[in-house]
Amino acid sequence: MKTPPFSIFILLATLLALCCPPVCAQTAPDDSIKQAQWEIDTVAHIQEPPLTTNVEQIIAADSAQIAKPKRNWAAWQPKPKVATWLAICLPGAGQMYNRKFWKLPIVYGAFVGCAYAVRWNNMMYKDYKHGYHDLVDDDETTTYYQKLIHSDVTITEANKSRYEDLFKQRKDRYRRWRDLSIFATIGVYLLQVIDAYVDASLSEFDISNDLSLTVEPAIMGNPTQKNPVKSASLGVQCAINF
């Protein structure tokens, strides 16, 4: 027996109605999970700070670390050890470190004067030494001593011994002065080292205007008296603040 077409349509509709709820039930959780994940990503994206802000903060922090505070030269105090080593390595450097620039002409002027004295006395010593050797030898061709006396003076056998003593005395004198000039140069070097150290040490010395004298009565004790009544006496106590 053939089934009418309308009955077949009703049967198909019934089957579809029975099959659709499970499909919808299976797809709904997937859609809910995707929706929740999208909301989480959106919130995270909103809360995440922009990259440019982080870069600017890092640059600002690095700049704050690199930037050095300005030195207050009014409150700056030199260190004696540093000043001493600078003066030892380079004369005058300790004075520059202590910011006493007016001492540099004195230091270098003393060195220049000592160096000139050493050079001059050494030159005169060599001249009189050479002349003395030419004067005492028996060689008549060596007449360097003629440059050290007046042109109208002639050395003969009568006055030769006197000029020998004169040349010897001047030779020894200029040698002694040369040696003293060398010691003076060493003394100037040591003095500038000592000056740099003392000047740096005195920079920490209190030179404020708080100078006052306090006078007040006081009870003084005599340790030789065993009686406390007799050992105590009145006096005046003075205190100076500087």
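Start by selecting P78, in the loop between α2 (51-66) and α3 (80-89); helices here are DSSP runs of H or I with at least four residues, numbered from the N terminus. P78 counts as buried because its relative accessibility is 6%, and buried means under 20% with a 1.4 Å probe, protein chains only.

A quick word on ground rules. This is a predicted model, where local features need pLDDT of at least 70 and side-chain atom pairs pLDDT 80 or more, while totals for chains, interfaces and linings use all residues. Residues are numbered from 1 along each chain, and side-chain values use heavy atoms, without hydrogens and water.

Next, colour α5 (104-136) and α6 (160-202), whose axes come within 8 Å and cross at roughly 160°. α5 and α6 are therefore roughly antiparallel (the cut-off is over 145 degrees). Their contact brings together 21 nonpolar, six polar and eight charged residues; Asp, Glu, Lys and Arg count as charged, Ala, Val, Leu, Ile, Met, Phe, Trp, Tyr, Cys and Pro as nonpolar, and the others, Gly among them, as polar.

Last stop: the largest pocket, with about 230 Å³ of space. A pocket is an open set of points on a 1 Å grid where a 1.4 Å probe fits, with protein on both sides within 12 Å along at least five of seven lines; lining residues have an atom within 4 Å of a point. Volume is the space filled by probe spheres set on the points, which are joined across faces, edges and corners. Select L135, E140, Y145, E157 and K160, the closest to its centre of the 13 lining residues. The lining has three nonpolar, three polar and seven charged residues.

Definitions and conventions: Axes are lines fitted to C-alpha atoms, for helices over the stretch in contact, and angles run from 0 to 180 degrees between N-to-C directions. Helices (H or I, at least four residues) and strands (E, at least two) are DSSP runs, numbered from the N terminus. Angles under 35 degrees count as roughly parallel, over 145 as roughly antiparallel, 65 to 115 as roughly perpendicular and the rest as oblique. Buried means under 20% relative accessible area, exposed over 50%, partly exposed in between (1.4 Å probe, protein chains only).
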